[in-house]
Amino acid sequence: MQDKDSQQFQTVEEKAREALTHDDPMESCAVTVRAHNRYCDNNGVTHHLIRTTEEWMAIRTWVEAGGDTGITVDSHGETLTLDVLELDQDKVADRICTEALDAIDSHDAVGQPVEPFTELVRHAEGVAELLVTEWETGADHVVRERLYEGVAGWIDRTAWTAHEEEAMYIEAERATTQFIKNHVGCEVSDDVEATIQDISKEALYDAVARHRERETPHLDYAAEVTLTD
């Protein structure tokens with residue numbers, strides 16, 4: 001707690017309650033809220049992550065018997081650190097192999113070139129690593145941006161975003177471009193490139209979907225948040 005704050009608020013809970021009471025960045029009050037991320041779970045507990053002028057605060061509130069609002073501060077600090085969710089890279093590679101083998105069968109049956117897909121099977125692990133790395137970079141950027149905008153989902157210590165229009169697409173596009181550049185020696189048609197991109201996107205989508213729960217059914221990016229002084 002800052003010294004100037006401690007003169008007015010005896011506890012961090014008092015400061016948090018003041019911030020929630022005056023949750024309006026245009027209102028002049030003792031604690032100005034710059035961003036407010038929140039989510040209400042099935043137990044009637046609302047999870048808040050708010051940013052004031054001086055620091056971040058992770059808060060939980062609930063309605064107590066008699067109508068009073070209970071509040072607890074889980075953590076607070078000036079610095080916000082993100083640790084993005086860990087995707088199963090092996091499963092991404094397995095899905096790429098499965099879909100690429102199916103593409104080989106379908107293209108071979110109609111006499112179309114299959115070399116790009118045989119190379120995709122051969123280099124599935126490398127493509128999976130690139131996809132996951134691209135997703136992690138996107139997750140760190142997008143989640144952080146949404147937190148500062150006050151529109152991220154927030155539950156326990158996890159921040160998440162949903163309905164991101166370019167989620168998975170941009171990562172798949174970049175991975176496909178890099179794969180074709182590095183490993184495919186023949187000319188690649190637009191249709192083949194689109195198929196490889198779809199395979200990459202679906203493999204990444206499946207890995208992300210494994211982290212979705214009842215509270216986060218449309219999760220696209222997510223990260224665990226740590227607050228420190």
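At what angle do helix α3 and helix α7 pack, and how far apart are their axes? Helix α3 (residues 89-109) and helix α7 (residues 190-209) pack at about 150 degrees, with axes 9 Å apart.

## About the model

This is a predicted model, where local features need pLDDT of at least 70 and side-chain atom pairs count only at pLDDT 80 or more, while totals for chains, interfaces and linings use all residues. Residues are numbered from 1 along each chain as its sequence is written, and side-chain values use heavy atoms, leaving out hydrogens and water.

## The helix pair

That angle makes α3 roughly antiparallel to α7 (the label for angles over 145 degrees). Axes are lines fitted to C-alpha atoms, for helices over the stretch in contact, and angles run from 0 to 180 degrees between N-to-C directions. Helices (H or I, at least four residues) and strands (E, at least two) are DSSP runs, numbered from the N terminus.

Where they meet, α3 brings residues including Val92, Ile96 and Ala103, and α7 brings Ile199 and Ala203, among others.

## The sheet

Now for the strands: four of them make an open, antiparallel sheet in the order β1-β2-β3-β4 (pairing takes at least two DSSP bridges between two strands). β1 (33-40) and β4 (69-77) sit at the edges with a single partner strand each, so one side of each has no neighbour in the sheet. From one strand to the next, the twist averages 20 degrees.

Leu49 stands opposite Ala58 in β3.

## Helices on the sheet

Helix α2 (residues 12-21) packs on the sheet and touches β1, β2, β3 and β4 (contact means heavy atoms within 4.5 Å). Helix α5 (residues 124-149) lies across β1, β2 and β3, at about 110 degrees to β1.

Methods:
Angles under 35 degrees count as roughly parallel, over 145 as roughly antiparallel, 65 to 115 as roughly perpendicular and the rest as oblique.
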